[in-house]
Amino acid sequence: ADIYDKTASELKKQGYDCECLGGGRISHQSEKKKIHVYGYSVGFGRANHSVTTEKLKAKYPDYEITWADEGY
């Protein structure tokens with residue numbers, strides 16, 4: 001919620017509006033070039049991790065990027 005509040009405030013100053021569609025966690029192992037998206041937000045629920053994963057794959061094509069709904 002802290003990250004969303006800060007980001008929403010910054011976007012609002014620029015004339016944008018935003019909505020949080022869910023949350024989760026990201027594990028980044030840079031030495032192994034692995035990213036794992038998982039879990040949920042107590043306040044916002046679970047994000048669609050498949051969407052997050054696809055965006056990360058586009059930005060980090062040389063990484064192994066996975067996701068799972070379980071975990072917190």
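Where in the structure does Lys33 lie?

## Lys33 and its backbone

Lys33 is found in the loop that runs between E1 and E2. The model described here is predicted. In this model, the phi angle of Lys33 is near 55°, a positive value in a residue other than glycine. Most residues other than glycine have a negative phi. Lys33 counts as partly exposed because its relative accessibility is 37%, and the range for that class lies between 20% and 50%.

## The largest pocket

The largest pocket has a volume of about 640 Å³. Its lining is made up of 24 residues, and those closest to the centre of the pocket are Cys20, Gly22, Gly23, Gly24 and Ala47. Helix H1 gives the most, with five residues.

By residue type, the lining of the largest pocket divides into twelve nonpolar, eight polar and four charged residues.

## Helix H2: His49 and Thr53

Two residues of helix H2 are described here, His49 and Thr53. His49 has a relative accessibility of 2% and therefore counts as buried. Leaving aside its neighbours within four places in sequence, His49 is in contact with Gly23, Gly24, Val37, Tyr38, Gly39, Trp67, Ala68 and Asp69. Among these contacts of His49 are Gly23 and Gly24, which also belong to the residues closest to the centre of the largest pocket.

Thr53 is likewise buried, since its relative accessible area is 2%, and the class requires a value under 20%. Apart from neighbours within four places in sequence, the contacts of Thr53 are Val37, Ile65, Thr66 and Trp67.

## The nonpolar core

Which residues make up the largest nonpolar core? The core consists of five residues in all, namely Ile35, Val37, Leu56, Tyr63 and Ile65. In soluble globular proteins, nonpolar side chains tend to be buried together. Two members of this core, Val37 and Ile65, are also contacts of Thr53.

With neighbours within four places in sequence left aside, Ile35 is in contact with Ile26, Ser27, His28, Leu56, Tyr60, Tyr63, Glu64, Ile65 and Thr66. This list for Ile35 includes Leu56, Tyr63 and Ile65, which are members of the core.

## Aromatic pairs

How many aromatic pairs does a search of the whole structure find? The search finds two. One of them joins Tyr4 and Phe44, whose ring centres are 5.5 Å apart; the planes meet at 65°, so the pair is edge-to-face. Because Tyr4 lies in helix H1 and Phe44 in the loop between strand E2 (34-38) and H2, the pair ties together parts that are 40 residues apart in sequence.

Tyr4 is partly exposed, with a relative accessible area of 25%. Phe44 also counts as partly exposed, at 33% relative accessibility.

## The start of the chain

Ala1 is found in the segment before H1. Is Ala1 buried or exposed? Ala1 is exposed because its relative accessible area is 61%, and the class begins over 50%. The C-alpha atoms of Ala1 and Gly23 are separated by 8.9 Å, although the two residues are 22 residues apart along the chain.

Terms used
Residues numbered from 1 in each chain as written. Predicted model: local features only at pLDDT ≥ 70, side-chain atom pairs only at ≥ 80, totals over all residues. Heavy atoms only, no water. 1 Å grid on protein atoms, 1.4 Å probe; cavity = no way out; pocket = protein on both sides within 12 Å on 5 of 7 lines; lining within 4 Å. Points joined across faces, edges and corners; volume = space filled by probe spheres on them. Helix = DSSP H or I, 4+ residues; strand = E, 2+ residues; numbered from the N terminus. Nonpolar A, V, L, I, M, F, W, Y, C, P; charged D, E, K, R; others polar. Buried < 20%, exposed > 50% of the residue type's maximum accessible area, 1.4 Å probe, protein only. Contact = heavy atoms within 4.5 Å. Core = buried A, V, L, I, M, F, W, Y, C linked by side-chain atoms within 4.5 Å. Phe/Tyr/Trp six-rings, centres within 6.5 Å; stacked < 30°, edge-to-face > 60°.
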